Amino acid sequence: MSTLAPSNPSDIRAWLRALPALRGDGRPIDASTLPEEPLPLFLSWIRFAAEQGVPEPHAATLATVDADGVPDARTLLLKDVDRRGWAFAGPRSSGKGVHLASHAVAALNFWWQPLARAVRLRGPVQEATPAESAADLAARSPAAREGVAAGDWVLWRLQPSRVEFWQGATDRRHTRIMYEATADGWSLRVQGSTGA
Ligand SMILES: Cc1cc2nc3c(=O)[nH]c(=O)nc-3n(C[C@H](O)[C@H](O)[C@H](O)COP(=O)(O)O)c2cc1C
């Protein structure tokens with residue numbers, strides 16, 4: 001079937017269902033070599049995605065909720081990641097800034113189609129120091145800095161309470177690697193196809 005969108009709206013359902021999905025080159029997961037915490041696995045997956053030519057592997061979808069609990073989501077760039085969390089930035093006056101001021105929690109989702117891989121995190125969000133936010137703004141191009149009011153730029157860090165690594169497979173025998181923060185570290189659960 002052609003992948004051109006049908007002009008007749010009543011055909012959309014059939015057209016969508018016929019579009020190919022999960023055609024990425026999935027890799028088997030060796031559950032015996034997984035690290036005890038999610039950070040090293042995330043670093044190895046995003047580096048691998050970049051090496052494999054995944055375009056803009058640092059782009060992710062950030063979901064927040066507003067003061068009434070209504071969710072919203074938008075694409076943004078990951079600015080840093082270390083033990084303090086997954087860092088992203090934007091104006092304090094933006095939708096995400098307003099949401100985070102009332103509900104300091106978020107979810108972040110990466111989708112690396114050529115590898116059929118996704119990473120999904122959720123947890124509390126903390127504002128970085130004013131110096132870190134200013135440094136992030138200063139590192140942007142002059143064009144990107146233009147129009148940002150002084151003091152309106154914020155760097156936030158999502159400190160995940162849960163991280164899921166998802167490896168899709170063309171035979172639909174997907175693998176989910178789930179890390180949950182515990183009082184003294186991380187618990188790890190693997191579901192689905194494993195073994196390399
Ligand atoms: C690839 C890509 C990268 C983006 N990076 C950022 C970013 O790092 N920070 C940001 O505030 N908005 C970024 N945006 C714009 C957001 O998607 C969004 O339009 C903007 O943050 C306003 O959303 P909000 O009002 O819900 O906060 C990016 C958009 C795309 C498509």
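Is E132 buried, exposed or partly exposed? With a relative accessible area of 23%, E132 is partly exposed; here buried means under 20% relative accessible area, exposed over 50%, and partly exposed in between (1.4 Å probe, protein chains only). The legends below concern a predicted model, in which local features need pLDDT of at least 70 and side-chain atom pairs count only at pLDDT 80 or more, while totals for chains, interfaces and linings use all residues. Residues are numbered from 1 along each chain as its sequence is written, and side-chain values use heavy atoms, with hydrogens and water left out.

**Figure 1. The salt bridge between E132 and R157.** The closest N and O atoms of E132 and R157 are 2.7 Å apart, a salt bridge being a side-chain nitrogen of Lys or Arg within 4 Å of a carboxyl oxygen of Asp or Glu. The pair links distant parts of the chain, 25 residues apart: E132 belongs to helix α4 (residues 130-138) and R157 to strand β7 (residues 153-158). Helices (H or I, at least four residues) and strands (E, at least two) are DSSP runs, numbered from the N terminus. R157 counts as buried, at 9% relative accessibility. Through salt bridges that share partners, D82, R84, E132 and R157 are joined into one network.

**Figure 2. The salt bridge between E164 and R120.** The side chains of these two residues meet at 3.1 Å, N to O. E164 lies in strand β8 (residues 162-167) and R120 in strand β6 (residues 117-127), so that the pair links distant parts of the chain, 44 residues apart. E164 counts as buried at 7% relative accessibility, whereas R120 is partly exposed at 38%.

**Figure 3. The salt bridge between D25 and R27.** An N to O distance of 3.0 Å joins the side chains of D25 and R27. D25 is partly exposed, with a relative accessible area of 44%; R27 is also partly exposed, with 26%. A search of the whole structure finds 10 salt bridges.

**Figure 4. The surroundings of the ligand.** R74, T75, L76, L77, A89, G90, P91, S94, G95 and K96 surround the ligand, each having a heavy atom within 4 Å of it. By class, this shell has 4 nonpolar, 4 polar and 2 charged residues; Ala, Val, Leu, Ile, Met, Phe, Trp, Tyr, Cys and Pro count as nonpolar, Asp, Glu, Lys and Arg as charged, and the others, Gly among them, as polar. Strand β2 (71-77), strand β4 (85-91) and helix α3 (95-102) each supply at least two residues of the shell, and β2 gives the most, with 4.

Figure 5. A polar backbone atom of T75 is 2.5 Å from an oxygen atom of the ligand. For G95, a backbone N or O atom lies 2.9 Å from a ligand oxygen. A nitrogen atom of the ligand is 2.8 Å from a backbone N or O atom of A89. Taken alone, the ligand exposes 620 Å², of which the protein buries 60% (Shrake-Rupley method, 1.4 Å probe).

**Figure 6. The largest nonpolar core.** This core has 33 residues, of which F42, W86, L108, F110, W112, V119 and F165 touch the most other members. A nonpolar core is a set of buried Ala, Val, Leu, Ile, Met, Phe, Trp, Tyr and Cys residues joined through side-chain atoms within 4.5 Å. Elements that each supply at least two residues include β1 (59-65), β5 (105-112) and β9 (175-182). Helix α2 gives the most to this core, with 7 residues.

Note on methods:
A polar contact is a pair of N or O atoms within 3.5 Å; within protein, one must be able to donate a hydrogen and the other to accept it, and residues adjacent in sequence count only if both atoms are side-chain atoms.
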